[in-house]
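Please keep the sequence and the coordinates open alongside the text.

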Amino acid sequence: PIQPYHGGHFNGNDCMKLLRGLDRLQVLSEKANVGQAHPFINTLSLFRDVVSSCFGINLDPDFEAKILRFKNSYVSLPASITPKVHAVFYHVPQFIKMKKTGLGLFSEQATEALHSNFKNYWNRYKRDPSNPEYPNQLLKCVIDYNSKKV
């Protein structure tokens, strides 16, 4: 089910569950004789190719062709071009060309993993923000963390 904290939208894990289940969705739509679902399933499959080509750390040299195939399929659907879809069509390729790497290093997931890891260190040092030792403890924590991670 769609997680309510995303405002009823498919993001992150929910989107990946959908993309991983496309083969099953294809079979179900064929059994139910829902032919109008096929162009949507095909477009989602092409988006899955985009995700695997450039949303991680590794970058497929063919990522631009995959984005173009997704774009051509998407614009043929009776669906509006949302800001996120526009970003995939135009800004993802621009960003990747500029950075010369996949999006994985810049994703929220990497930041969240780092934050979670840092939190373990912070628990050993933390003070209430109103405590006069707070700034020094934060500095000590950051120095300790960086000295072990860099």
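Buried residues make up 26% of the 150 residues in the chain, where buried means under 20% relative accessible area, exposed means over 50% and partly exposed lies in between, computed with a 1.4 Å probe on protein chains only. The model is predicted, and for that reason local features need a pLDDT of at least 70 and side-chain atom pairs count only at pLDDT 80 or more, while totals for chains, interfaces and linings use all residues. Residues are numbered from 1 along each chain as its sequence is written, and side-chain values use heavy atoms, with hydrogens and water left out.

**Overall fold**

The secondary structure comes to seven helices and zero strands, with helices (H or I, at least four residues) and strands (E, at least two) taken as DSSP runs numbered from the N terminus. Read along the sequence, the pattern is therefore α-α-α-α-α-α-α under this DSSP numbering. With contact defined as heavy atoms within 4.5 Å, residues 24 or more positions apart account for 44% of the contacts in the chain that have a separation of 6 or more.

**The nonpolar cores**

A nonpolar core is a set of buried Ala, Val, Leu, Ile, Met, Phe, Trp, Tyr and Cys residues joined through side-chain atoms within 4.5 Å. Of the 20 residues in the largest such core, Phe47, Val50, Cys54 and Phe70 touch the most other members. The elements that give two or more residues to this core are α1 (12-20), α3 (38-54), α4 and α5, and α3 gives the most, with six residues. A second, separate core of six residues includes Tyr121, Tyr125, Cys141 and Tyr145. Within the chain, and leaving aside neighbours within four places in sequence, Phe47 is in contact with Cys15, Leu19, Phe55, Phe70 and Val88.

In α1, the buried residues are Asp14, Cys15 and Leu19. They cover an arc of only 135° around the axis, which puts them on the same side of α1; the arc is that of the directions from the helix axis to the C-beta atoms. These buried residues of α1 pack against α2 (22-31) and α3, whereas Asn13, Lys17 and Arg20, on the other side of α1, are exposed.

Helix α7 (residues 134-149) has 16 residues and, at 1.5 Å a residue, should span 22 Å, which agrees with the 22 Å between its end C-alpha atoms; the expected span is 1.5 Å times one less than the number of residues. Its buried residues are Gln137, Cys141, Asp144 and Tyr145. They cover an arc of only 95° around the axis, which places them on the same side of α7. On the other side of α7, Pro135, Asn136, Leu139, Ile143 and Ser147 are exposed. Gln137 has a relative accessible area of 8% and, not counting residues up to four places away in sequence, touches Trp122, Tyr125 and Arg127.

**Aromatic pairs and a charge over a ring**

Rings of Phe, Tyr and Trp (its six-membered ring) pair if their centres lie within 6.5 Å, and planes under 30 degrees apart count as stacked, over 60 as edge-to-face and the rest as tilted. By this rule the count comes to 10 aromatic pairs. Phe95 and Phe106 form one that is edge-to-face, at 4.9 Å centre to centre and with 90° between the planes. This pair links distant parts of the chain, since Phe95 lies in helix α5 (residues 83-99) and Phe106 in the loop between α5 and α6 (108-125), 11 residues apart. Phe47, Phe55, Phe70, Tyr74, Phe89 and Tyr90 form one aromatic cluster.

The charged end of Arg124 sits over the ring of Tyr121, 4.5 Å from its centre; a charge counts as over a ring if NZ of Lys or CZ of Arg is within 6 Å of the ring centre and within 35 degrees of the ring normal.

**Partly exposed residues**

| Residue | Relative accessible area |
|---|---|
| Phe95 | 26% |
| Ala79 | 32% |
| Pro39 | 40% |
| Phe106 | 43% |

Ala79 lies in the loop between α4 (63-75) and α5, and its C-alpha atom is separated by 9.7 Å from that of Phe40, 39 residues apart along the chain. Pro39 is found in helix α3, and the C-alpha atoms of Pro39 and Tyr74, 35 residues apart along the chain, are separated by 8.7 Å. Leaving aside neighbours within four places in sequence, Pro39 is in contact with Ser73 and Leu77.
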